[in-house]
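Please consider the following protein with attention to its overall fold and its aromatic side chains.

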Amino acid sequence: MFNRLLCFSFLCVCAMLAAFAAPTATTPTFPVPKDGLVIWLDASDTATLTLQGTSVSAWKDKSGSGITAAQTDATLCPQLIKNALNTQAAVRFNGTTQYLDLGNKGELAQEYTIIAVLQATQLAQQEAYFTNRQFFYEGESSPLYLGFTQNQPFAYYNTASTSFVLGKDSGISANVPFLQTLQASAKTKTVTFFVNGGRVNETKDITNLATRVLGGYLGFDAETKDHFGGDLAEFIVYTRLLTDAERKQVEGYLLKKYGLTAAPAN
């Protein structure tokens, strides 16, 4: 009897020691909200890039939606530049020929949030780093362009009723990275624009707001045929409006990752 108790006690002690010694499994932290996330391109994640040397022929989405930005012509591929944005990698477009195609899925979204980390290498003309394919669809005429004009980041809509630009002189200079956020709602007819987490403009009472946010081009304006000259480090799209807390969470994560200075609260 004594031997059985001794053996049982020994086994219990061993089990306790093993439990203390074994590493505790932890669930990886997802740095951005998952709900509504349909595109997440991250140049610092080399596992998502298909490279021929430094040429980027494919940039895979991390959201799980299966979207890939691709270029089948080797002469038109942008380049992966390590340490492009404060030690972080980015995909560089040369401003003359290079671009990536997001396909023509063209999924509709009545509300959406688009967030990007980028910098321009040239600011001499209006250049769009992202355009959707809205105007290619019969009966629709509401393209969306995101990019730069001089030192002003801009979001340009050409709706059936009017054309307008969101943005202002934000002190953006060539080769200075920044964070751009756009939130749009066809339900409330409102578009809000942020730079480095600070609101720079809001436009209301917009009719025929562009709602086709999946599909399009990175680095190429399909209407003017102009190309974007600059670096794109991350590109994130939600088919919903993020709450203020969620938006600040994503912006805070990106501002810290890329060593950017947050805009004053407004």
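A residue counts as buried when its relative accessible area is under 20%. By this criterion Phe 220 is buried, because its relative accessible area is 10%. The model discussed here is predicted.

The protein contains two helices and 17 strands. Of its 266 residues, 49% are classed as buried. Among contacts between residues at least 6 apart in sequence, 65% join residues at least 24 apart.

The aromatic side chains deserve a separate account. Two rings are described by the distance of their centres and the angle of their planes. Six aromatic pairs occur in the structure. One of them joins Phe 93 and Phe 228 in a tilted arrangement, with 6.1 Å centre to centre and 50° between the planes. This pair links distant parts of the chain: Phe 93 belongs to strand β6 (residues 88-94), whereas Phe 228 lies in the loop between β16 (216-218) and β17 (229-238), 135 residues apart. Phe 93 is buried at a relative accessible area of 1%, and Phe 228 is buried at 0%. Together with Tyr 129, Phe 93 and Phe 228 form one aromatic cluster.

Phe 220 pairs with Tyr 217 edge-to-face, at 5.2 Å centre to centre and 80° between the planes. Tyr 217 is likewise buried, with 11% relative accessibility.

Charged side chains also meet aromatic rings. The charged end of Lys 62 is placed over the ring of Trp 40, 4.2 Å from its centre. Arg 247 lies over the face of Phe 194, 3.9 Å from the ring centre.

How values were computed
Residues are numbered from 1 along each chain as its sequence is written. This is a predicted model: local features need pLDDT of at least 70, side-chain atom pairs count only at pLDDT 80 or more; totals for chains, interfaces and linings use all residues. Side-chain values use heavy atoms; hydrogens and water are left out. Helices (H or I, at least four residues) and strands (E, at least two) are DSSP runs, numbered from the N terminus. Buried means under 20% relative accessible area, exposed over 50%, partly exposed in between (1.4 Å probe, protein chains only). Contact means heavy atoms within 4.5 Å. Rings of Phe, Tyr and Trp (its six-membered ring) pair if their centres lie within 6.5 Å; planes under 30 degrees apart count as stacked, over 60 as edge-to-face and the rest as tilted. A charge sits over a ring if NZ of Lys or CZ of Arg is within 6 Å of the ring centre and within 35 degrees of the ring normal.
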